[in-house]
Amino acid sequence: MTPEIPDVTRARHGRPVHHWRRDVVELAALFTAVAVADAVANMVGHGPDGPALLVASAVVLAATAGFHVWWSRRHGHAPPVSDTGARPTAETRPAGQSGQPATEDGAGEDPGTLWRMRTTVKDEPGSLAALCAALAGRRVDILSLQTHPLADGTVDEFLLRAPGALAAAEITRAVALAGGTATWIERADAHDLVDVPTRVLGLAARTALDASELPLALRQLLGRCTIRSLPGTPAGGGRGPAPVPVEGVLEDTVMRLPAPEGGVLTVERPYLPFTPAEFARARALVELDGRLGPRIPDGHDVLTLPEGNDITVRRVDTGDLVAARAMHDRCSPHTLGMRYHGPVGDADRYLNHLLSPRFGRTLAAQTASGRIVGLGHLLWDGDETEVALLVEDEWQRRGIGGELLGRLVTMAAEAGCASVYAVTKASNPGMVAAMRGLGLPLDYQVEEGTLVITARLDATPVTPVPRPA
C-alpha cells in the first residue's frame, strides 16, 4: 500500500500532478509573512522597548536553532518511503505484511516452528498428495516423511516447519479436512532433523559400546515411552513374568520382547500406538544388544581425598560381584539398612540386579589395592531414574558419596533424564547432604520414615560435584 502524499494526486502513469490552488495558497502565505514582518519592524523601531524585543527575539531564534540541531542528530534525515519507492524497513513494516511478522530485533524473519506429526490416511492413490497440498496451503514446509504401512491404511510421519504464528490446532484441522485421521502432533527440535537411518545407526553404535544404553536408545528411537525390564527370577523371590515368544509381541500401545539377560522387556506408549515398522526396529536393537552380551566402556579417574588417599572411580558390572559382596560383608547392619530399607540379610540378593548394565549404570570407588569401598547406582525405573549410594563405614564422610552422586547425576542429565530421585530414611543425613550438594532444585516427600528426594535436572544445568581438595 502506497502512503498518501498531501496536496498531490497521482495520474495513471504514476507522476504527481500539481493544481493551481496550491500556487494561490503559497502566494497568500508569502504576502501574509511580509505584512507581519513590516508590523514587527514598525513596533520595534518606534516603540520604547525596541532593544529589549530585539534581544528577546535573538534568544528565541538561537534556542530554536539549537533545538533543531539536536532533533536532527537524534532522528536523522532519512527520506520517506514514498519519495524513494523503497520497501518499508523492518522497524516500520507492520506485523503480518509480506507474510513476515515484525520482530524486536528488526530482522523481520520468521524462523518457523518444528513439529513432529503423525496421521493415518487411506491407502489409495492421491491421499498423500491431498495431505501435502493441505499443508502447503498453510505455508507448512515438509522436511522429512516416513510411511508405515498398515493393514487398513498408512501411517505417515512428518517433520514439519510451520510459520511461528500457526498453531498446532490449525495444522491438525487442515490435515483432518484433507482426509487424515488419528492425528498426533508435538513440538520437535534440531535433533529430529537427522534422518531415521542415521539416527538408528547412531543408536546401534552407542548400544554396542555400552549395554546400559539399550533403554536410552529405545526411548530415543520410539519417543516418550516407559521401559521396564522384568528379570526372569525376581531378586526378592516369587514368580517371574510370563515368557514371550522369540519374535516378541506387539499389542497396540505395548510391545513385549525377550530381554537379553532373560525375562521380559516391556515398552509402553499409551498416547500413540506402535507401528509394525517401529516394532521391527526395536526388536533389531534388542537382538543386537543380546548378541554382544554384557559390556561396559573402559576408563577410570583417580581422585585424591583430603587425607591424601588415592581413590579410583570406574564403571563396574556383574564381573565385580565378588568384590561388591565383600564390601557388603564389611558394612555394618546400620549402613546396609540405610541403603536397602529392608532386611539386611537380603542385601546380597539385590547386587546381581544392581550391577547389571541392563538396568542402569554403576560406579565404584576402590582403593589402590582394588578394594571396593563405595558403590553408586543409576537405575532406569520406567520413565524415571533412581540414584542410590552405599559407602563402607570407615570411608564415610570423606567426600566419596558426593563424588559418586555428582557423576551419576551428570550421566543422567547427558542421557536426557528430566529428574532423578533417591529413596532413603529420614534419619540419613549423609544422603540428604549429598543431594543438597548438587545445587539443584529439590523436592522432599516423607512417609512413614521414608524420605524421597527428587532433583529436577531440567531446571538448572548439571555440573559435576567439585572433587575433594
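Q: Which residues are buried in α10?
A: In this predicted model, the buried residues of α10 are T335, L336, G337, M338, R339 and Y340.

Q: What does that say about the helix as a whole, α10 at residues 333-340?
A: Of the 8 residues of helix α10, 6 are buried, so the helix is largely enclosed by the rest of the structure.

Q: Let us turn to the cores. Which residues touch the most other members in the largest nonpolar core?
A: They are V387, I400, L405 and M435, in a core of 36 residues. The elements that give two or more residues to this core are β12 (310-315), β13 (360-366), β14 (372-381), β15 (384-391), α12 (400-414), β16 (419-425), α13 (429-436) and β18 (450-456).

Q: Which of these elements gives the largest share?
A: Helix α12 does, with 7 residues of this core. As general background, nonpolar side chains tend to be buried together in soluble globular proteins.

Q: What is V387 in contact with, leaving aside its neighbours within four places in sequence?
A: V387 is in contact with H377, L378, L405, L408, V420, Y421, A422, M431 and M435. There is also a second, separate core of 19 residues, and its members include L203, C225, F279 and L285.

Q: Now the sheets. What is the strand order in the open sheet of 4 strands?
A: The order is β7-β10-β9-β8, and the pairing is antiparallel. At the edges lie β7 (226-230) and β8 (249-251), each of which pairs on one side only. From one strand to the next, the twist averages 15°.

Q: How many bridges pair β9 with β10?
A: Strand β9, residues 254-258, pairs with strand β10, residues 264-268, over 5 bridges in the antiparallel sense.

Q: What about α8, which strands does it lie across?
A: Helix α8, residues 276-292, lies across β8, β9 and β10. It runs at about 25° to β9.

Q: Changing topic: how many salt bridges are there in the whole structure?
A: A search finds 17 salt bridges. One of them joins E186 and R116, whose closest N and O atoms are 2.8 Å apart.

Q: Why does the E186 and R116 pair tie together parts that are apart in sequence?
A: E186 lies in strand β6 (residues 181-187) and R116 lies in strand β3 (residues 113-121), so the pair ties together parts that are 70 residues apart in sequence.

Q: Are E186 and R116 buried or exposed?
A: Both E186 and R116 are buried.

Q: Which residue does R315 form a salt bridge with?
A: R315 forms a salt bridge with D210, with 3.0 Å between the closest N and O atoms. This pair links distant parts of the chain, 105 residues apart: R315 is in strand β12, and D210 is in the loop between α6 (196-209) and α7.

Q: Why do R315 and D210 count as buried?
A: Buried means under 20% relative accessible area. R315 counts as buried because its relative accessibility is 10%, and D210 counts as buried because its value is 6%.

Q: Where do E278 and R269 meet?
A: Their side chains meet in a salt bridge, at 2.8 Å from N to O. Both E278 and R269 are buried. Salt bridges that share partners join R116, R118, E157, E186, R224, R269 and E278 into one network.

Q: Next, Q146: where is its place?
A: Q146 is in strand β4, residues 141-149. Its relative accessible area is 19%, so Q146 is buried.

Q: Which side chain does Q146 join in a polar contact?
A: The side chains of Q146 and R281 are joined by a polar contact of 3.1 Å. Not counting residues up to four places away in sequence, Q146 touches V155, D156, E157, V196 and R281.

Q: Finally, how many residues of β5 are buried?
A: In strand β5 (residues 154-162), 8 of the 9 residues are buried, and the strand is mostly covered. It pairs in the antiparallel sense with β3 over 9 bridges and with β4 over 8 bridges.

Q: How many residues lie between β4 and β5 in their hairpin?
A: There are 4 residues between β4 and β5 in the hairpin. In β5, T154 is the bridge partner of P149, and T154 is also the bridge partner of V121.

Technical notes: Residues numbered from 1 in each chain as written. Predicted model: local features only at pLDDT ≥ 70, side-chain atom pairs only at ≥ 80, totals over all residues. Heavy atoms only, no water. Core = buried A, V, L, I, M, F, W, Y, C linked by side-chain atoms within 4.5 Å. Buried < 20%, exposed > 50% of the residue type's maximum accessible area, 1.4 Å probe, protein only. Contact = heavy atoms within 4.5 Å. Pairing = 2+ DSSP bridges. Axes fitted to C-alpha atoms, helices over the stretch in contact; angles between N-to-C directions. Salt bridge = Lys/Arg side-chain N within 4 Å of Asp/Glu carboxyl O. Polar contact = N/O pair within 3.5 Å; in protein donor to acceptor, adjacent residues only side chain to side chain.
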